[in-house]
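Here are my notes on the model, as numbered points. Please read them with the structure open, starting with the aromatic rings.

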Amino acid sequence: VGQLKWNNWRFSKQGLKARFPWHLYSMQGVAKTYWLGVGAISESMHDVMNYNCLILRRDFGAVIDADGMVVAQTSPPPTSPSTAPPTSPQNNNTVSNTTS
């Protein structure tokens, strides 16, 4: 496990139109690499926690309570995602603002 220090992401209007946040979301887990925290999503603690919980639920089967605490794992974690980068964004990559 390692950490690379970098500056926070800032998505311009053009970057949002090009769906960069959704590209990042679809790349999560590729080659066993995750971009999480303020460097990946925004400076809002609420958004950072929601995004991290989204990844924990999707990739590790975590069950998360209303306070953002991992309370259970619904099933064994899936095998490692493909190491190939995604070729195009998925149409159903919607980030929810709920934590449960």
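1. **Aromatic pairs.** How many aromatic pairs does a search of the whole structure find? The count is 2. Rings of Phe, Tyr and Trp (its six-membered ring) pair if their centres lie within 6.5 Å; planes under 30 degrees apart are stacked, over 60 edge-to-face, and the rest tilted. Tyr25 belongs to helix α2 and Tyr51 to helix α3, so the pair ties together parts 26 residues apart in sequence. Both Tyr25 and Tyr51 are buried. Buried means under 20% relative accessible area, exposed over 50%, and partly exposed in between (1.4 Å probe, protein chains only).

2. **The tilted pair.** Tyr34 and Phe60 have ring centres 5.6 Å apart and planes at 45°, so they count as tilted. Tyr34 lies in the loop between α2 and α3, and Phe60 in helix α3, so this pair ties together parts that are 26 residues apart in sequence. Tyr34 is partly exposed, at 27% relative accessible area. Phe60 is partly exposed as well, at 33%.

3. **How to read the model.** This is a predicted model: local features need pLDDT of at least 70, side-chain atom pairs count only at pLDDT 80 or more, and totals for chains, interfaces and linings use all residues. Residues are numbered from 1 along each chain as its sequence is written, and side-chain values use heavy atoms, with hydrogens and water left out. Helices (DSSP runs of H or I, at least four residues) and strands (runs of E, at least two) are numbered from the N terminus.

4. **Confidence.** pLDDT is the predictor's confidence in each residue, from 0 to 100. The protein's mean is 74, and 62% of its residues reach 70 or more. Among the elements, α2 has the highest mean pLDDT (89) and strand β2 (residues 70-73) the lowest (76). Residues 91-100 stay under 50, and there the model has 19 contacts beyond four places in sequence. Contact means heavy atoms within 4.5 Å. Where pLDDT is low, the predicted coordinates should not be read in detail.

5. **Helix α3.** This helix covers residues 45-60, 16 residues in total. From first C-alpha to last it reaches 21 Å, close to the 22 Å expected. The expected span is 1.5 Å times one less than the number of residues. Its buried residues are Val48, Asn50, Tyr51, Asn52, Cys53, Leu54, Ile55 and Asp59. They pack against α2 (20-27) and β1 (62-64). Gly61 follows the helix, with a positive phi near 70°.

6. **Nonpolar core.** Which residues make up the largest nonpolar core? Leu24, Tyr25, Ala40, Tyr51, Leu54 and Ile55 do, 6 residues in all. The largest share, 3 residues, comes from α3. Such a core is a set of buried Ala, Val, Leu, Ile, Met, Phe, Trp, Tyr and Cys residues joined through side-chain atoms within 4.5 Å. Not counting residues up to four places away in sequence, Ile55 touches Tyr25, Gln28, Tyr34, Leu36 and Phe60.

7. **Gln28.** This residue sits in the loop between α2 and α3. Is Gln28 buried or exposed? Gln28 is buried, with a relative accessible area of 3%. Beyond four places in sequence, Gln28 touches Thr33, Tyr34, Trp35, Tyr51, Ile55, Arg58 and Asp59.

8. **Arginines over rings.** The charged end of Arg58 sits over the ring of Tyr25, 4.4 Å from its centre. The charged end of Arg19 sits over the Trp22 ring, 4.6 Å from its centre. The test is NZ of Lys or CZ of Arg within 6 Å of the ring centre and within 35 degrees of the ring normal.

9. **Positive phi.** Arg19, in the loop between α1 and α2, has a positive phi of about 65° although it is not a glycine. Arg19 is partly exposed, at 31% relative accessibility. Ala31, in the loop between α2 and α3, has a positive phi of about 55° and is not a glycine either.
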